[in-house]
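Please open the structure in your viewer and keep the selection tool at hand. The stops below are to be visited in order.

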Amino acid sequence: MPFNEPFRATCFTKQYDYLFNSKFPKSKNSVKAIIDGIIINPLQGDRFPGFGQNTHIRKLRIGLKEYHISKRDGLRLIWLLNEDKKWILMVSLYHEREYKREQIIQEMIRDNLRSIISYIETRYPQSPTSE
Amino acid sequence: MSTITLDEYKALTAKISADSDVVASLGKSVAVSMSFSSVFIRSLFLVILSHRLLKSMNRMESACFTCNINCNITFDFKNKLEEIVTTWDEVIKNKEQINFPKLILRWENDLLEQFENKLENYWIASDKEIKDFAHSISDKLNKHALQ
């Protein structure tokens, strides 16, 4: 069974727009094709350890050939997925070299996850199993 | 045919592991000596290089032991060595000119890149809050399946 169309949170869309409307407009199509490819093969990239059996957090390094930027210095795409339920959630897309320290990246990912949680809670205020 | 004694070989490997610049100069001398005996030089060069790569990898891996995360990503020493052998054989077969110092730098950069990538992953995977948030999102989405 194929995976569903990835869910893109607002925080992810903002990062996407910032990168391709102002910073790397020439790479928009090639990166879009890579993101679309995640639906076909969501198990690509590195899997972060320690997130359980069916839940994955994965990371893909993306080079921008239009700007002669290697994978090492390029973008990072992070997504969350569940193999059983077949959902994919785009968490973050950022330019590694724009962040001076890894702690700032951690903070940014935390912020994105926080806003995704509040979005889900707003959209589904009454959880079926909540008391 | 060029020859080297065991003691000279040991002295050479010790010198190389002590000083990375020597590897670059070795590259140049290997390029010059190839006409004497490519097979012999190939073996010697590979032994020395693998020793050096292993040393770099050990250094990187011991840095990783401190993270206490059961990480599945490993430094692919075997693949790297196979790539080196293939590159070497291609060069000999095609009688190409090769810049060994540059090649060594490229191989070492590849290793460094693997290490950097592993570190990047560590920073995210070791963050407890990120882990908790991810689990929370996963639980919520599993219940609603993104409807």
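**First stop: a pair of strands**

Select β4(A) and β5(A), which run antiparallel and are joined by eight bridges. Strands (E, at least two residues) and helices (H or I, at least four) are DSSP runs, numbered from the N terminus, and two strands pair if DSSP finds at least two bridges between them. The model is predicted: local features need pLDDT of at least 70 and side-chain atom pairs count only at pLDDT 80 or more, while totals for chains, interfaces and linings use all residues. Residues are numbered from 1 along each chain as its sequence is written, and chains are lettered from A and ligands numbered from 1 in the order in which they are written.

Next, select A:L77 and its bridge partner in β5(A), A:L93. Four residues lie between the strands of this hairpin, where A:K86 takes a positive phi near 65°.

**Second stop: the other partner of β5(A)**

Now select strand β1 (residues 7-8) of chain A, which runs parallel to β5(A) and is joined to it by two bridges. Here A:R8 stands opposite A:M90. Colour β5(A) by burial: seven of its nine residues are buried, so this strand is largely enclosed by the rest of the structure. A residue is buried if 20 or more other C-beta atoms, placed from the backbone, lie within 10 Å of its own C-beta.

Select helix α1 (residues 10-23) of chain A together with α3(A); they pack at about 135°, with their axes 8 Å apart. Axes are lines fitted to C-alpha atoms, for helices over the stretch in contact, and angles run from 0 to 180 degrees between N-to-C directions. The two helices are therefore oblique to each other; angles under 35 degrees count as roughly parallel, over 145 as roughly antiparallel, 65 to 115 as roughly perpendicular and the rest as oblique. A:T10, A:C11 and A:F12 of α1(A) meet A:N112, A:S115 and A:Y119 of α3(A). Residues are in contact if their C-beta atoms, placed from the backbone, lie within 7 Å.

**Last stop: across to chain B**

Show helix α3 (residues 102-123) of chain A and helix α6 (residues 128-144) of chain B, whose axes come within 10 Å and cross at roughly 25°. That angle makes α3(A) roughly parallel to α6(B). Among the contacting residues are A:I109 and A:L113 of α3(A) and B:F133 and B:I137 of α6(B).

Finally, select the whole contact between the chains: 30 residues from chain A and 28 residues from chain B. On the chain A side, α3(A) gives the most, with 10 residues.

Conventions
Contact = placed C-beta atoms within 7 Å. Buried ≥ 20, exposed ≤ 12 C-beta atoms within 10 Å, placed from the backbone.
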